[in-house]
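Please keep the sequence and the model at hand while reading.

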Amino acid sequence: MIGGPEIALEDVRFDYGSAPMHFDVTLSGGVTTAIIGPSGSGKSTILNLIAGFETPDSGRVLIGEDDVTALSPAERPVTMVFQDNNLFAHLPVWRNVSIGLDRATNRSAGDRIVGGALARVGLAGYADRMPGMLSGGERQRVALARVLVRQRPVLLLDEPFAALGPGLRTDMLALMRTLQQETGMTVAVVTHQPDEAERFADEIVFIDRQAIAGHGPATGFSSRRDIPGLEAYMGEKDR
Amino acid sequence: MRLLNRRQTALGIAAGAAVLLFITAIVGAAALALVLTATGSSQSQSPFFDDYIWRVARFTILQAAASTLLSVIPAIALARAIARRPKFPGRRLLILLLAVPLGLPPIVAALGIIEIWGRQGILNDLLLGLGLAKPVSIYGLPGILLAHVFFNLPLATRLLLARLEQIPSEYWRNAGQLGLSQRQTFLLIEWPQIRGQIPGVAGLVLMLCVTSFTLVLLLGGGPGATTIEVAIYQSLRFDFDPPRAVVLALIQLAMTGALLAVLALVGKPQEEEPVYGRASRHYGRDSIGALLGDYGLIVIGGLFLVAPLLSVAAAGLASDLARLAGEDIVVRAAVTSLAIGALAATISVSMAAVLIHARRASLPLARHSTAATAFRSAVAAISSLILLAPPIVLGAGWFVLLRGHTDVFGLAPVIIVAVNALMALPFVMRVMEPAHASHMARTGRLSASLGLTGLRKFLLVDWPGLRTAFFLAAAFAMALSLGDLGAIALFGSQDVITLPYLLLQRMSSYRTEDAAGIALILGLVCLVLMIIANGGRKPSAGGF
């Protein structure tokens, strides 16, 4: 799979009831975009709108050429990985991964695919373990294995590694980067670490006050002076 | 860490030991009296002794098992339906309604069930209108099952719903994203979540149905549909056959003992924070079938619960409440009920407070002393000891113990208060213990480091922090005592009459209208107490 689709939020308005949000942005296809911004600015909401867990009050969500605004989460070409609870605690690792397989896959092909996916995330031999026996990083690796198995062209990650220590987080980001480059998926990651974002992402979207405040190549993004609110946000981060 | 000084520790433990001794003495004396009477005395006069007892014991188990199945299986479906529909009008009310049977006097509920399902009930009117020749009678097994389901289906639903609502919201998102079917969702998410809870819930319901007295007394029919508890009551109050009562009571003890042992093995149902409409959204397409199924269950379940309550209210309002309220005996019964309830609640809550305090005081010692460890386990086991001897069994024990030595009925108020206080203790402990634990976790070290002790600590820290739990437990204990028909049925007389006892008398003499009025009064008082209790549980009230 080469060249994941671009993702467009066209004049999307959404309101939880506290602060009306407005998003108008196009995420480039086949690259990794980091979404940064202060808490409560609406970072996770963007992912939820793309994945279909929230429906816009107005506007359209497009993935590639397709308008997916009215589709349910399962019908969208998207996999989303959360910060926690990605695995069903009572199912062994292999089942947690194979649940992402197409139903039509036969047993032996399925086993092979799951085994391959686990190997690619560095968890060969972990198939029979239960999630409770894994570390936080290993659990997220299982979630990534499921992403591979599902073969959806869009991957959304909502602060996936925020609960991990710095070293482990770097490893996981590298793994995510590798997988993205191998598959050509379109990846969007919400993160609290702008400095990391610059290293692992191709593009960065900065959200402030419930709207898109800036969007551009990751390299040098944090030192840009033309984006209102960015300096304050970065300064806040430095303190 | 030692948070109490030496003197406080000693006092606390001594008080706890005294309460422990007191409870053990009350239960132990009853049990001993039963055993001694059984081994020492003459045979029963009944010619069909063995056969009768065998039949009653078998029926007790059968009806309890059937009641459990009929309560728990629909509860799974109902809890699932409620959990899957986080937003519908009346959801909060329905969840509150699920808590009502917990504090409703069984006799009031029985009346409501008869109003709906009975010979002159709405259902039979409907069936006769549809051309049925003869009214259907619910007395006997059907009535018992109906009543047990009325009480235990909501209980089981609440416990299971609490588990279902703990499912992390990411699970639902993943299920939506993976496009899991209804069946897969149940097998992969919902069932694993509640599976662990089901043995505990079923055990609890089974226990409640094995020891159920009032409902069987009112809705059972003849010797064919009698449980051990009702048979004990009949042996003592009607057949004057104490030896038979003793044998029955011992069988009941053995049965509850075995059940408690099984319950200890399968584990108690986890009691979560009560549910208040907190629910996660579900994603993915709804099929028409699922929609109809869920709301169908919710409507039927709601009607099943609310119909008897409404009919009690309607019948009660139609009765001559003003005349009833003016009747001497009604006033006397109400005053007696309130006095017994208040006293039993006070004693129960005090005993619980002393026990909990003693348990905490002995904690630092437990590390070095096996005696302290044993003491702590004994306190923990006291609830089970009480559950072992249901009010009727306890009452029967004291009945045979006192008989011949003193006027049994003269001592009735004391015994009723004691039995009611004891009966409420497991529930009181269940409310107060976790509240105390979390309060201590919050304030224990801080109080100790500030050197707060004694009255000052109590007034400044402990009372404000524990007040809510205290009143909640007291209200609950009082509601239980007010609705109890077990102890009073054995010891009631013309001199000592409570509201449930009076209600039973009016029902037996077919003064239906009076019964309806008294039921309304009794039900309302208990409902108010339950509302107070539930109000104390709201997180906003600073509970626990």
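A residue is called buried under 20% relative accessible area, exposed over 50%, and partly exposed in between. By that scale A:Arg209, with a relative accessible area of 70%, is exposed. The model discussed here is a predicted one.

**Contact between the chains**

Chain A brings 26 residues to the contact, and chain B brings 19 residues. About 2,000 Å² is buried between chain A and chain B, with carbon and sulfur atoms giving 52% of that area. On the side of chain A, the residues that lose the most area to chain B are A:Phe53, A:Asn85 and A:Phe88, together 29% of what that side buries.

Which kinds of pairing cross the interface of chain A and chain B? The rule finds zero salt bridges there. It does find nine residue pairs in polar contact across this interface, both residues being at pLDDT 80 or more. In chain A, strand S6 (78-81) and helix H4 (136-150) each supply at least two residues of the side that touches chain B. S6(A) gives the largest share of that side, three residues. Sorted by class, the side of chain A that touches chain B has 13 nonpolar, seven polar and six charged residues.

**Salt bridges**

Side chains of opposite charge can pair when their charged atoms come close. Over all chains, the structure holds 21 salt bridges. The table lists some of them.

| Salt bridge | Closest N and O atoms |
|---|---|
| A:Arg209 with A:Asp208 | 3.9 Å apart |
| B:Glu190 with B:Arg80 | 2.5 Å apart |
| B:Arg323 with B:Asp514 | 2.8 Å apart |

In the pair from chain A, A:Arg209 is exposed at 70% relative accessible area, whereas A:Asp208 is buried at 17%.

B:Glu190 forms a salt bridge with B:Arg80. This pair links distant parts of the chain, with B:Glu190 in helix H9 (residues 182-195) and B:Arg80 in helix H2 (residues 49-84) of chain B, 110 residues apart. Are B:Glu190 and B:Arg80 buried or exposed? Both B:Glu190 and B:Arg80 are buried.

B:Arg323 forms a salt bridge with B:Asp514. B:Arg323 belongs to helix H15 (residues 321-326) and B:Asp514 to helix H24 of chain B, so this pair ties together parts that are 191 residues apart in sequence. B:Arg323 is partly exposed, at a relative accessible area of 37%, while B:Asp514 counts as buried at 5% relative accessibility. B:Arg323 and B:Asp514 also belong to a network of salt bridges that links them with B:Asp320, B:Glu327, B:Arg506 and B:Arg511.

**Cysteines**

A disulfide is a covalent bond between the sulfur atoms of two cysteines. The count for this model comes to zero disulfides over all chains. B:Cys209 is in no disulfide, the nearest cysteine sulfur being that of B:Cys526, 20 Å away. B:Cys209 counts as buried at 0% relative accessibility, and B:Cys526 counts as buried at 1%.

**Positive phi angles**

A:Glu159 is not a glycine, yet has a positive phi of about 40°. A:Glu159 is placed in the loop between strand S7 (154-158) and helix H5 (166-183) of chain A, and is buried with a relative accessible area of 15%.

B:Tyr510 is likewise not a glycine and has a positive phi of about 60°. The loop holding B:Tyr510 runs between helix H23 (499-508) and helix H24 (512-535) of chain B. B:Tyr510 is exposed, with a relative accessible area of 73%.

**Two further residues of chain B**

B:Thr226 sits in the loop between helix H11 (214-219) and helix H12 (228-237) of chain B. At 4% relative accessibility, B:Thr226 is counted as buried. Beyond residues up to four places away in sequence, B:Thr226 touches several residues, among them B:Tyr52, B:Phe59, B:Val216 and B:Gln234.

B:Leu102 is part of helix H4 (residues 100-103) of chain B and is partly exposed, with 40% relative accessible area. Which residues does B:Leu102 contact, leaving aside neighbours within four places in sequence? They are B:Leu155, B:Phe476 and B:Met530.

Notes:
Residues numbered from 1 in each chain as written. Chains lettered and ligands numbered in written order. Heavy atoms only, no water. Contact = heavy atoms within 4.5 Å. Buried area = accessible area lost by both parts, 1.4 Å probe. Salt bridge = Lys/Arg side-chain N within 4 Å of Asp/Glu carboxyl O. Polar contact = N/O pair within 3.5 Å; in protein donor to acceptor, adjacent residues only side chain to side chain. Helix = DSSP H or I, 4+ residues; strand = E, 2+ residues; numbered from the N terminus. Nonpolar A, V, L, I, M, F, W, Y, C, P; charged D, E, K, R; others polar. Buried < 20%, exposed > 50% of the residue type's maximum accessible area, 1.4 Å probe, protein only. Disulfide = S-S within 2.5 Å.
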